[in-house]
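Please consult the sequence and the structure alongside the text.

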Amino acid sequence: MNSTTIAHTSDTHLTNQSSAAKGPRALLARALATDASWTQAVLRVTLGAVMFPHGAQKALGWFGGYGFSGTMGFLTEKAGLPTPIAFLVIAFEFAGSLLLLAGLGTRFAAAGIVTVMIGAIATVHAPNGFFMNWNGNQAGEGFEYHLLVLGLALALILRGGGRASLDRSLSAR
């Protein structure tokens, strides 16, 4: 191998994957491990940017949302979710989107969003079918958007946040 091949190879492998150490530090190193992929970075920033307005609606009342108390009321009273689950929905969407944008705890943030999307499909969107309600002909929105979000989030869980993530910076230490 020439030096260019070696440099490229070391840039594309996951960092800290070969650690034989056990314990909390090794677990954290594996959770933060990622490669220098621009693809993963694009997936991460896209998911964070798409989820941020939804989280900001629920947590802050931005973008026409109801804010924290209004969303908690809706999720607990109308949707029938237990209070801790309703809180986690808001936290995963809002804080999770910010973590994704920064690339910090990418796998954890993506797993939270996977949980929210599966819950949304199961409790609200599955009865409305696959397609979004572009023309207002359905009782509500279908689950195609949620499947796209699940795909992005699962790719991040599998490979990490990629280039320009705090995970990568921390795992290189």
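The points below are grouped by topic.

The structure is a predicted model. The protein chain has a mean pLDDT of 87, and 87% of its residues reach 70 or more.

**Confidence along the chain**

- Among the elements of the protein chain, helix 5 has the highest mean pLDDT, at 98, whereas helix 1 (residues 3-12) has the lowest, at 41.
- The pLDDT is below 50 over residues 1-13, and this stretch has nine contacts in the model beyond near neighbours in sequence.
- Residues 15-19 also have pLDDT under 50, and the model shows eleven contacts for them beyond four places in sequence.

**Aromatic pairs**

- A pair of aromatic rings is described by the distance of the centres and the angle of the planes.
- Phe94, with a relative accessible area of 21%, is partly exposed.
- Phe68 and Phe87 form an edge-to-face aromatic pair, with 6.2 Å from centre to centre and 75° between the planes.
- Phe68 lies in helix 4 (residues 67-78) and Phe87 in helix 5, so this pair ties together parts that are 19 residues apart in sequence.
- Phe68 counts as partly exposed at 37% relative accessibility, and Phe87 counts as partly exposed at 44%.
- Phe52 and Phe94 also belong to one aromatic cluster together with Trp62 and Phe63.

**Setting of Phe131**

- Phe131 is located in the loop between helix 6 (106-125) and helix 7 (144-159).
- The relative accessibility of Phe131 is 52%, and the residue therefore counts as exposed, a class that requires over 50%.
- Leaving aside residues up to four places away in sequence, Phe131 touches Gln138, Glu141, Gly142 and Glu144.
- The C-alpha atoms of Phe131 and Tyr145 are separated by 8.3 Å, and the two residues are 14 residues apart along the chain.

Key:
Residues are numbered from 1 along each chain as its sequence is written. This is a predicted model: local features need pLDDT of at least 70, side-chain atom pairs count only at pLDDT 80 or more; totals for chains, interfaces and linings use all residues. Side-chain values use heavy atoms; hydrogens and water are left out. Helices (H or I, at least four residues) and strands (E, at least two) are DSSP runs, numbered from the N terminus. Buried means under 20% relative accessible area, exposed over 50%, partly exposed in between (1.4 Å probe, protein chains only). Contact means heavy atoms within 4.5 Å. Rings of Phe, Tyr and Trp (its six-membered ring) pair if their centres lie within 6.5 Å; planes under 30 degrees apart count as stacked, over 60 as edge-to-face and the rest as tilted. pLDDT is the predictor's confidence in each residue, from 0 to 100.
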